[in-house]
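Welcome, and please take a moment with the sequence and the 3D view. We will walk through a few strands, a cavity and some charged pairs together.

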Amino acid sequence: MELRPLGRSGLSVPPLCFGGNVLGWTADEPTSFALLDRLLAEGFTFIDTADVYSRWVPGHSGGESETILGRWMRERGCRDRIVLATKVGMDMGDGRKGLKAAYIERAVEDSLRRLQTDRIDLYQSHEDDPETPIEETLGAYDRLIRAGKVRAIGASNFSAARLQEALDVAARTGLPRYESLQPEYSLAARQGYEAELEPLCRREEIGVISYFSLAAGFLTGKYREAGAAAGRAREIRVSPYLNPKGFALLREIDAVAEAQGATPAQVALAWLVARPGLTAPIASATSLPQLDELIAGVRLTLDPAAIARLDAASRDGIRA
């Protein structure tokens, strides 16, 4: 498998990042282990999680995903084969949130303990913290890198203006810069990334790992009428796409999928993999058949005509 450089970090990753948000949430521990085993066997060794996964589940407190991932790496003895990414900054309760130096330095120890490792390959600011000076945040990351606890840092959910500001601070001070960006991006949600973030990332050689790559499942084609997501775990995320524009996009994806002998999910992922400047889409699965479909999508090559058709069908956006 051809690996891709993640920004200027020195990390090389496969063209699919597995989204660990499902671990311990919609995938129990035995299912999570089976999924991770299949990923490892197929060479897809880039896994993204966060300390806050899955605090939103009743009875969970955060750290569930990291804990399962840590147990799996320890039991399989595979830590050195994994490019391990996690995140810090989202609300963990009891005032534990944000990007202040003291908090980052405490939170990383909790993540390292749960992950049962001595280092994190990519440690990401999960969201911007405008109340904390950027230099303070980057200074904390600098100390972690110097201590060998973190190899590279990334940003998630940053605006182009704030990402540029962070890059400027890093250049001026000699502190580490964000080497990756994790934005929402898919055929169903293009404008937020393409307008300003994409040109910035390409100009500055920042790796891009997109989340909601399948629009919370909408691009798999399983939601094809208004109300189809009612009662589902991702109802709130999917509902904005259940409109005439969204269904028209699905019809175009269906046509390309039929011509390619593929599924809609595979086409949606292949489109992302082919996007210039995008390093690896993040996608999740809760069963082995779903995971095999994702892997096949990453290996699918779309011809220029198919890409142009999908570009045209999705250019104007589909959110309600």
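Two strands pair if DSSP finds at least two bridges between them. Helices (H or I, at least four residues) and strands (E, at least two) are themselves DSSP runs, numbered from the N terminus. Keep in mind that this is a predicted model, where local features need pLDDT of at least 70 and side-chain atom pairs count only at pLDDT 80 or more, while totals for chains, interfaces and linings use all residues. Residues are numbered from 1 along each chain as its sequence is written, and side-chain values use heavy atoms, with hydrogens and water left out.

On one side, strand β4 (residues 46–48) pairs with β5 in the parallel sense over three bridges, and D48 stands opposite A85 in β5. β5 also pairs with strand β6 (residues 120–125), again in the parallel sense, over four bridges. In that pairing, K87 stands opposite Q124 in β6. From β5 the chain crosses through helix α3 (residues 101–115) to β6, and this β-α-β crossover is right-handed.

A cavity is a set of points, on a 1 Å grid over the protein atoms alone, where a 1.4 Å probe fits but cannot get out; its lining residues have an atom within 4 Å of a point. Grid points are joined across faces, edges and corners, and a volume is the space filled by probe spheres set on the points. The structure holds one cavity of 30 Å³ or more, and about 50 Å³ of space lies in the largest cavity. Among the residues that line the largest cavity are L99, D128, F158, R162 and Y178.

Finally, turn to the charged pairs. A salt bridge is a side-chain nitrogen of Lys or Arg within 4 Å of a carboxyl oxygen of Asp or Glu, and the structure holds 24 of them. In one, R71 pairs with E29, and the closest N and O atoms are 2.6 Å apart. R71 lies in helix α2 and E29 in helix α1 (residues 29–42), so the pair ties together parts that are 42 residues apart in sequence. R71 counts as partly exposed at 37% relative accessibility, and E29 is partly exposed at 27%.

Another salt bridge joins R146 and D142 (3.0 Å, N to O). Both lie in helix α4 (residues 134–146), four residues apart, about one turn of the helix. Here R146 is exposed, with a relative accessible area of 67%, whereas D142 is buried at 16%. As a last stop, find R190, E194, E198 and R275, which are linked in a network of salt bridges.

Note on methods. A crossover is right-handed if, with the strands pointing away from the viewer, the path from the first strand over the helix to the second runs clockwise. On a 1 Å grid over the protein atoms alone, a cavity is a set of points where a 1.4 Å probe fits but cannot get out, and a pocket is an open set with protein on both sides within 12 Å along at least five of seven lines; lining residues have an atom within 4 Å of a point. Buried means under 20% relative accessible area, exposed over 50%, partly exposed in between (1.4 Å probe, protein chains only).
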